[in-house]
Amino acid sequence: MDVSFPAADGTMAMTESGTFTGTLTGCTTSPTVTFTYVKTGKAVTISSDGQYTATQNSTVHKITGLPSSLYPVHQTLVFFYCSDNGATSSLGYSWITTGGVINVRANMAAANWSGTGSLNITFPAFTYITAA
């Protein structure tokens, strides 16, 4: 749904909301999670109640499916909760490229995931500025 309302500078800001499906790569299956977004002007907030749970077959994981209207103006850093190959849950990080790919890493110290066993990823809500 799109609506307009007065912005602080006196112009009209457009608000849109919707959902998209994010697909995780680098696993034996292609797990998906439904994300919800609200975009006001160029600011977008994305959230999900879902969790990725899968068996890994790669040390590199990405999430695809971000709509082009939500691509960030600059690479954007996002933190999330995760576990890698049965390890204790930790704080992972991702960066959203200006082309809409969400690259995910298992923790702040690791360059990549273990590539074996299970993984779990849970995103909190996050906000950033879009290009359009």
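## A proline in a loop

At 23% relative accessibility, P67 counts as partly exposed. The cut-offs are these: buried is under 20% relative accessible area, exposed is over 50%, and partly exposed lies in between, with a 1.4 Å probe and protein chains only. P67 sits in the loop between β6 (61–64) and β7. P67 and G22 are 45 residues apart in sequence, yet their C-alpha atoms are 9.7 Å apart in space.

This is a predicted model, in which local features need pLDDT of at least 70, side-chain atom pairs count only at pLDDT 80 or more, and totals for chains, interfaces and linings use all residues. Residues are numbered from 1 along each chain as its sequence is written, and side-chain values use heavy atoms, with hydrogens and water left out.

## Overall layout

The protein chain has zero helices and eleven strands. Helices (H or I, at least four residues) and strands (E, at least two) are DSSP runs, numbered from the N terminus. Buried residues make up 36% of the 132 residues in the protein chain.

Contact means heavy atoms within 4.5 Å. Among contacts in the protein chain between residues at least 6 apart in sequence, 58% join residues at least 24 apart.

## Strand β4 and its partners

Two strands pair if DSSP finds at least two bridges between them. β3 and β4 run antiparallel and are joined by five bridges.

Side chains alternate along β4.

## The nonpolar core

A nonpolar core is a set of buried Ala, Val, Leu, Ile, Met, Phe, Trp, Tyr and Cys residues joined through side-chain atoms within 4.5 Å. The largest one has 26 residues. I46, V104, I121 and F123 have the most contacts inside it. The elements that give two or more residues to this core are β2 (12–24), β3, β4 (43–47), β5 (52–55), β7, β9 (102–105), β10 and β11. In soluble globular proteins, nonpolar side chains tend to be buried together.

What does I121 touch, not counting residues up to four places away in sequence? The list is L24, Q51, Y52, F80, Y81, C82, V104 and W113.

## Aromatic pairs

The structure holds seven aromatic pairs. Rings of Phe, Tyr and Trp (its six-membered ring) pair if their centres lie within 6.5 Å; planes under 30 degrees apart count as stacked, over 60 as edge-to-face and the rest as tilted. The rings of F35 and F123 have centres 6.0 Å apart and planes at 70 degrees, so this pair is edge-to-face. The pair links distant parts of the chain, 88 residues apart: F35 is in strand β3 (residues 32–40), and F123 is in the loop between β10 (118–122) and β11 (126–129). Both F35 and F123 are buried.

F126 and Y128 have ring centres 6.2 Å apart and planes at 15 degrees, so they are stacked. F126 is buried at a relative accessible area of 10%, and Y128 is buried at 5%. F20, F35, Y37, F80, F123, F126 and Y128 form one aromatic cluster.

## T76

T76 lies in strand β7 (residues 76–84). T76 is buried, with a relative accessible area of 13%. A polar atom of the T76 side chain lies 3.0 Å from the backbone oxygen of H74. Leaving aside neighbours within four places in sequence, T76 is in contact with S94, W95, I96 and Y128.

A disulfide is a pair of cysteine sulfur atoms within 2.5 Å. By this rule the count is zero. C27 is buried at 9% relative accessibility, and C82 is buried at 3%.

Most residues other than glycine have a negative phi. N85 is not a glycine, but has a positive phi of about 55 degrees. N85 is in the loop between β7 and β8 (90–96). With a relative accessible area of 41%, N85 is partly exposed.

How values were computed
A polar contact is a pair of N or O atoms within 3.5 Å; within protein, one must be able to donate a hydrogen and the other to accept it, and residues adjacent in sequence count only if both atoms are side-chain atoms.
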